[in-house]
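I opened my notebook for this one and wrote down what I looked up, in order. Here are the entries, for anyone who wants to follow along.

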Amino acid sequence: MSRDSEAKTLRRAEPFAAIFARAAERHGGADALETRIAPTATGEKTAAEIAALGDDRILSEMTRRVFQAGFNWSVIDGKWAGFEAAFEGFPVGRWTLMSDADLDRLLGDAGIVRHAKKIEAVRDNAIFLQRLAQERGSAARAIAEWPASDYVGLLNRLKREAARMGGTTAQYFLRGIGKESFVLSRDVIAALVRAGVVDKAPTSKAGLAATQAAFNAWAAESGRSLTEISRVLALSGDA
């Protein structure tokens, strides 16, 4: 998006203060809304906290979100202890070397969801995380240090280089590890349209750029994180 187009998008976007006021009115007032968007409610972590995670935890969360995509989330959550056991705690180096024998064993393991392509994605994502670790010392640090102002850039890299990380899967993965993030849920998209940022779901390069620009502007206006802004947007509708 050009600077002129970005400026035009921001001029027409609704101020965050107005969106927050509407969400507060619909959810019991400002104090009640603050409770709902606080890190204790959303799971948001500091960059230092994310960087301190083991890369096995990053691969675990990626895998959970890959398996949840298009499936009943509660079923995956209910089986998660079985996934952790089957994948031996998700050590990244181990799963970069997934063998045919590993795949056969996993396809026969009733403790997990036996989906061959999603199981193979564990290997591909382990390779991706290993590459990040070579760049920044650990994959967790690479993700933690990625600037919120270029969150869309991180989503694009995940979509381009990781496995099965398109759509909202990468967004839920990043939210799951506590990364400052927005999730383009139905409610958030409706709020973006209402605010004049986009006129439909922002899946194009231009739409995502406009969305990032709006979130950056709202962050500058409010001093809030992408996660807080995303949750306020989600709560600002008519539900």
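**Core, a crossing and a covered helix**

Entry one. I am working with a predicted model, and I began with its largest nonpolar core, which has 71 residues. I looked up which residues have the most contacts inside this core, and they are Phe87, Leu158 and Trp218. I then asked which helix gives the most to the core: helix H11 (residues 116–136), with seven residues.

Entry two. I followed Phe87 to its neighbours. Leaving aside residues up to four places away in sequence, I found that Phe87 touches Trp95, Met98, Leu106, Ile112, Ile119 and Val122.

Next I turned to helix H2 (residues 16–26) and helix H16 (residues 205–222), whose axes come within 9 Å and cross at roughly 80°. H2 and H16 are therefore noted here as roughly perpendicular to each other. I listed the residues making the contact: Phe16, Ala17 and Ile19 from H2, with Trp218, Glu221 and Ser222 from H16. By type, I have four nonpolar, one polar and one charged in this contact of H2 with H16.

Is helix H14 (residues 169–176) mostly covered or mostly uncovered? I found it mostly covered, with six of its eight residues buried. The buried ones are Thr169, Ala170, Gln171, Phe173, Leu174 and Arg175. I then checked what they pack against, and noted helix H4 (39–42), helix H6 (55–68), helix H12 (139–145), helix H13 (151–161) and helix H17 (226–234).

Technical notes
Residues are numbered from 1 along each chain as its sequence is written. This is a predicted model: local features need pLDDT of at least 70, side-chain atom pairs count only at pLDDT 80 or more; totals for chains, interfaces and linings use all residues. Side-chain values use heavy atoms; hydrogens and water are left out. Buried means under 20% relative accessible area, exposed over 50%, partly exposed in between (1.4 Å probe, protein chains only). Helices (H or I, at least four residues) and strands (E, at least two) are DSSP runs, numbered from the N terminus. Contact means heavy atoms within 4.5 Å. Axes are lines fitted to C-alpha atoms, for helices over the stretch in contact, and angles run from 0 to 180 degrees between N-to-C directions. Angles under 35 degrees count as roughly parallel, over 145 as roughly antiparallel, 65 to 115 as roughly perpendicular and the rest as oblique. Ala, Val, Leu, Ile, Met, Phe, Trp, Tyr, Cys and Pro count as nonpolar, Asp, Glu, Lys and Arg as charged, and the others, Gly among them, as polar. A nonpolar core is a set of buried Ala, Val, Leu, Ile, Met, Phe, Trp, Tyr and Cys residues joined through side-chain atoms within 4.5 Å.
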